[in-house]
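The entries below follow the order in which I looked things up.

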Amino acid sequence: MSAADIAALDGIELHDGEPVFREPWEAQAFAMVVALHQRDVFTWDEWAAALSAQIHSGTDLPYYRHWCAALETLLDTKRIADRDAVQTREKAWHEAAARTPHGEAIVLDPQ
Amino acid sequence: MDARVRALESLLVEKGYLDSAAVDEIIETYETRIGPRNGAHVVAKAWLEPDFADWLKRDATAAIHSLGYISRQGEHMVAVFNDDETHHMVVCTLCSCYPWSVLGLPPTWYKSPPYRSRAVIDPRGVLAEFGTDLLDNVGVEVHDSTAETRYLVIPARPDGTDGWSEEQLMACVSRDSMIGTTLAAKPVAA
């Protein structure tokens, strides 16, 4: 299976065959996975397995939180981005958001 | 979670595993399907029921909530009505300021810094790029959406829609018409 078979994913909510998002970041996280798959960073089977394992890990989370956790695990396992780097970067985004005046785009490390 | 996702994306872009444009493109293909049906419902109801329109003008947050469209962010909504004298348009570069419970996902151009700065300096120029030509005597008011107050543009009801049902009218209301970059229009070749 090489195409992104969305309907094959464990627990995904679809409407007319399309995913349902409740907040913009969910769509962003969804699209990142499809894009990474298209670049052959992982196969769709690998992704489906990682997501399923996360959903059945025993933690009770909203669907797209599981989605992000599964992505982080997969990226860590594949040594693409380790968890510490993601944590550090998240903190940097929070700091950048805090110092950005309303209405301006948030940028990391302004030169 | 917004920051977490931004963190992941920026890391992957830096490492060359991801291209932001490709991610945006994938989002675009889905957002057209998610569609601003909630907002279109609000607009169509306002066209049909003067009492509901008045309620929207007085207290948009409550009027919108009455239809079951509740945002978990708890922001204040303001409905601005287009008429013969004024055209309203909404800007903001933070997607967190976008009333997605009513409008669905924000279009990617809405988040771009050029849209915001140009919409403020040259609103008519931006409108022209969207194919929206206003009469010279119509003033343009640009509203800055914030985390506290988010705007919903109620476009003018298109001519020739007398007697239309709520469902038919909803088809006239595009997402962009509720941001104010286009006008509401009858669907082409219904």
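**Helix packing and the chain interface**

I first looked up the handedness between chains: α3(A) passes α1(B) in a left-handed crossing. I note that the model is a predicted one.

I then took the geometry of this pair. The axes of helix α3 (residues 63–77) of chain A and helix α1 (residues 2–14) of chain B cross at roughly 30 degrees and come within 11 Å. Angles under 35 degrees count as roughly parallel, and α3(A) and α1(B) are therefore roughly parallel to each other.

I listed the residues in contact. From α3(A) these are A:Cys68, A:Leu71, A:Glu72 and A:Leu75, which meet B:Arg4, B:Val5, B:Leu8 and B:Leu12 of α1(B). By class I find 6 nonpolar, no polar and 2 charged residues in this contact. I also find a salt bridge between the side chains of B:Arg4 and A:Glu72, at 2.7 Å, N to O.

I next turned to the whole interface. Contacts join 40 residues of chain B to 41 residues of chain A. The buried area between the two chains is about 3700 Å², with 68% from carbon and sulfur atoms. I count 3 salt bridges across this interface.

Last, I examined a pair within chain A. The axes of helix α2 (residues 44–55) and α3(A) come within 8 Å and cross at roughly 120 degrees, which makes α2(A) oblique to α3(A). The crossing of α2(A) past α3(A) is right-handed. Its contact residues divide into 10 nonpolar, 2 polar and no charged. A:Leu71 of α3(A) is among the residues that meet α2(A), and A:Leu71 is also listed in the contact with α1(B).

Conventions. Residues numbered from 1 in each chain as written. Chains lettered and ligands numbered in written order. Predicted model: local features only at pLDDT ≥ 70, side-chain atom pairs only at ≥ 80, totals over all residues. Heavy atoms only, no water. Axes fitted to C-alpha atoms, helices over the stretch in contact; angles between N-to-C directions. Helix = DSSP H or I, 4+ residues; strand = E, 2+ residues; numbered from the N terminus. Parallel < 35°, antiparallel > 145°, perpendicular 65-115°, else oblique. Left-handed = near helix turned anticlockwise from the far one by under 90°. Contact = heavy atoms within 4.5 Å. Nonpolar A, V, L, I, M, F, W, Y, C, P; charged D, E, K, R; others polar. Buried area = accessible area lost by both parts, 1.4 Å probe. Salt bridge = Lys/Arg side-chain N within 4 Å of Asp/Glu carboxyl O.
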